[in-house]
2 protein chains.
Amino acid sequence: MTTPTSAGELLRLVRTGQATTRKALLTRSGLSRSTLTARLDLLQTAGLLAEGGQEDSTGGRPARQLRFDDRHAVVLAASVDTMHAEVALTDLSGRRLAHREGPLRVADGPEPVLGRIAEWFEAMLAEADVPVCGVGISVPGPVEPGQARVTQPPIMPGWDHYPIDEYLGERFGAPVLVDNDANLMALGEHRARHPESRALVVVKVSTGIGAGLVIGGEVYRGVDGGAGDIGHIRLPGFPEARCMCGSLGCLAAVASGGALAARLTEQGLPTTSGSGVRDRILAGEPAAVRLAEFAGRQVGEVLATLVSVVNPGVLVIAGDLAEPHFVAGVREVLYRRALPRATQSLKVEIGGTGLAVGGAVAMVVESVFSPAEVDRRLTTA
Amino acid sequence: MTTPTSAGELLRLVRTGQATTRKALLTRSGLSRSTLTARLDLLQTAGLLAEGGQEDSTGGRPARQLRFDDRHAVVLAASVDTMHAEVALTDLSGRRLAHREGPLRVADGPEPVLGRIAEWFEAMLAEADVPVCGVGISVPGPVEPGQARVTQPPIMPGWDHYPIDEYLGERFGAPVLVDNDANLMALGEHRARHPESRALVVVKVSTGIGAGLVIGGEVYRGVDGGAGDIGHIRLPGFPEARCMCGSLGCLAAVASGGALAARLTEQGLPTTSGSGVRDRILAGEPAAVRLAEFAGRQVGEVLATLVSVVNPGVLVIAGDLAEPHFVAGVREVLYRRALPRATQSLKVEIGGTGLAVGGAVAMVVESVFSPAEVDRRLTTA
DNA sequence: TACTTATGTCTTGTCAATGGACAAAAGTAC
DNA sequence: GTACTTTTGTCCATTGACAAGACATAAGTA
């Protein structure tokens, strides 16, 4: 059913901006006009496709633009972080229609956290009365591929195998998708800023350290869903650094926001979290700046290998420590340790905010409006 | 043309062993019997498909087996290594019909080396009179994706951009495909021993050090074709080790066969190449064994990060140094430095011989008999 | 007003594939 | 040897998707 010219595929072409007029779809799909019209009619009556403005005329009648009807449903997305959470109600293009955020301790366990998130969701929904097509949640822990549950999270006590999908699914009557924050940040960054990149890596450095990989346009998870798990690689030379995972000398125990907070506190500058470290760095406190560069270099040691192995086009540093001093440390080691071949066309960037929420929206929209799913709904309806 | 049930796809199902009887193809493809018969007839008259033996009866007429006619053409494959080359004439399943090998210095330049390889090819062809469907060459240097030429090879003087495909293509009247040895070893290992693995890494440790990745069944090359290029990551702690790439402290300058040969020579045990080092290790010479374990640990440092990033199911150590002492060093560091999550289901193995030749054959066969290519030929013929 | 380009809507023909019906082949069970 | 089962081949009418045109509008520019 899902051929390269099925209705679902056509919708994908429009949705991803690869073809936004009937003319473009005609040449791109190779379909005849009659067939194309029939398909588009189906999509339009299903409310998936809408007509937009007009192209500039090239001498004759201007082409009418087609757009994915991104207003006929909304997505609920949430990013749960260690000490903080953020939720958004977006249209299907990821535009934010409403937003909430606030302190929320993931360590309090799933029900308090998800309860608060559900309250936020409901408050946002009260404002706009549109059906919810899906819920996407970003969590700071490992998620088994395809499951909506966290497994053996190091910093999420009480969450192990908690049925996040059931809790939220019953409450909002929509499919619930969950993934790890680094994965979703990578997905969000890819879709929002580097849709053409064949390989992109996001490294999140906050309380912990983790990487997300997007390869060939899809999140790469590895065989056990552990790909990108660089936070607990043991660095040589730090046998005394105790990590919250229980080991000694982990990268996260040396260079994460949590580790730097502890060091600053030792040095008489009480700091409790990665965002506290960030504040001190941004304020220009010398000790914090030195530590940021140091941490950047440590992470850079690992990223040099990562870049040599994966050879990505884009490397994004995100999270609390994603600021110029840290990134300078990363760059310094990266360019010293990795081959020019791997770094010459590499872009190293600082990530924006809201990446995880954006990735969660993308995950939901691409699942709910995948060509196969769209075709299925059109034929059963 | 290439639908999920086209003749080419059917051939692929048979070739990869996913469906080897008409019955199986029927249920698997969902085609009607008439259509399936027509497709199979096409493939049979084109000489691509042959009938094999019979399945065991399940109470009635036993199903006849279908097999890819792996005798109707042959593949010429060659693996060029630094000091040695190996060629094979194989059928389309990769079975060796003839074989040659001998010392051959890649540093002598493309024409002497390719000339000798072409002589071997011709000698082997004289024995069996079957058409050549393609030529596959494995080289110890970087190959631009999709090209049949080496670019800026560190250890192949005179080969830069040499048109290998033209030289051999004119001589044998068949398409010529070229790829890096690590990539082809990974492909060969995947196809021969781990066809189900979703992510497999081969690390070749001989004169140099390089890794090849097979992800989702295909060779992963990264954005610039540099993926797996771990030989010249600079290790901390070896500022004096001069590498043939011109840098200092590269992994290859510390732990490759070439580096160990130099160290052994310094210690009064003259050794010229990686295979010389191998001989001394296998002979149990204490200095060589100690060095092998040392080198294994150094490579293990890098592989710990690789395994954490890629989370492969299989890690194969191949090349001159692929022997138990070296691998013990790798394992020791790997399990100490990487997370259990990444290593618990990881198989660490020692690679067999002839992997690169096997990979070269697979590269050729899969290119020449890809569904798209098969469909194209059936329709034009 | 003439021309150009984009789009919608018919009709008709083509072609691939289905779905049976019928037949034959090649085993097993007794 | 006979009855039954299962696999395979073949023929043919029907279906359904699509292409290819023809024709008609729509909506701009020169």
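Analyst: A residue is buried if 20 or more other C-beta atoms lie within 10 Å of its own, exposed if 12 or fewer, and partly exposed in between. This is a predicted model. Take Gln152(B): it has 13 C-beta neighbours inside 10 Å, so it counts as partly exposed.

User: Where is Gln152(B) in chain B?

Analyst: Gln152(B) lies in the loop between strand E6 (132-139) and helix H5 (164-172) of chain B.

User: What should I look for in the backbone of such a residue?

Analyst: Most residues other than glycine have a negative phi. Gln152(B) is not a glycine, yet its phi is positive, about 45°. Asn311(B) also is not a glycine and has a positive phi, of about 50°.

User: Is Asn311(B) buried or exposed?

Analyst: Asn311(B) has 27 C-beta neighbours inside 10 Å and therefore counts as buried. Its place is the loop between helix H10 (286-310) and strand E11 (314-318) of chain B.

User: How do I read the overall form of a chain?

Analyst: Chain A has 14 helices and 12 strands. Its radius of gyration is 23 Å, close to the 21 Å that the globule rule gives for 381 residues, so chain A is as compact as a globular protein of that length. The C-alpha trace of chain A spans about 70 × 50 × 40 Å along its principal axes. Of the 381 residues in chain A, 50% are buried. Among contacts in chain A with a separation of 6 or more, 62% are between residues 24 or more positions apart.

User: How do I read a strand inside such a chain?

Analyst: In a regular strand the side chains alternate between the two faces of the sheet. The step is to check each face in turn. In strand E8 (residues 199-205) of chain A, seven of seven residues are buried. One side carries Ala199(A), Val201(A), Val203(A) and Val205(A), the other Leu200(A), Val202(A) and Lys204(A), and both faces are covered.

User: Which strands pair with E8(A), and in which sense?

Analyst: E8(A) pairs with strand E9 (residues 209-215) of chain A in the antiparallel sense, over seven bridges. The two form a hairpin with three residues between them, and Leu200(A) has Val214(A) as its bridge partner in E9(A). E8(A) is also joined to strand E11 (residues 314-318) of chain A by five bridges, and these two run parallel. There Val203(A) stands opposite Ile317(A), and Lys204(A) is bridged to Ala318(A).

User: How does E11(A) continue the picture?

Analyst: Apply the two steps again, burial and then pairing. Five of the five residues of E11(A) are buried. Val314(A), Val316(A) and Ala318(A) point one way, while Leu315(A) and Ile317(A) point the other way. Four bridges join E11(A) to strand E12 (residues 347-350) of chain A, in a parallel arrangement. Val314(A) has Lys347(A) as its bridge partner in E12(A).

User: How do I read a nonpolar core?

Analyst: In soluble globular proteins, nonpolar side chains tend to be buried together. Here the largest nonpolar core has 238 residues, and Leu251(A) and Leu251(B) have the most contacts inside it.

User: How do I read the interface between the chains?

Analyst: Count the residues on each side, then ask which elements supply them. In this model 31 residues of chain A are in contact with 31 residues of chain B. On the chain A side, the elements giving two or more residues are helix H10 (286-310), helix H11 (324-337) and helix H12 (340-343). H10(A) gives the largest share, seven residues. By class, this side has 15 nonpolar, nine polar and seven charged residues.

User: Which residues come nearest to DNA strand C?

Analyst: Of the 25 residues around DNA strand C, these are Gly60(A), Arg61(A), Ser32(B), Thr35(B) and Arg61(B). The surface near DNA strand C divides into three nonpolar, 15 polar and seven charged residues.

Note on methods. Residues are numbered from 1 along each chain as its sequence is written. Chains are lettered from A and ligands numbered from 1 in the order in which they are written. This is a predicted model: local features need pLDDT of at least 70, side-chain atom pairs count only at pLDDT 80 or more; totals for chains, interfaces and linings use all residues. Two strands pair if DSSP finds at least two bridges between them. Two residues are in contact if their C-beta atoms, placed from the backbone, lie within 7 Å. Ala, Val, Leu, Ile, Met, Phe, Trp, Tyr, Cys and Pro count as nonpolar, Asp, Glu, Lys and Arg as charged, and the others, Gly among them, as polar. A residue is near a molecule or strand if its C-beta atom, placed from the backbone, lies within 6 Å of it. The radius of gyration is taken over C-alpha atoms; the globule rule is 2.2 Å times the number of residues to the power 0.38. A nonpolar core is a set of buried Ala, Val, Leu, Ile, Met, Phe, Trp, Tyr and Cys residues joined through C-beta atoms within 7 Å.
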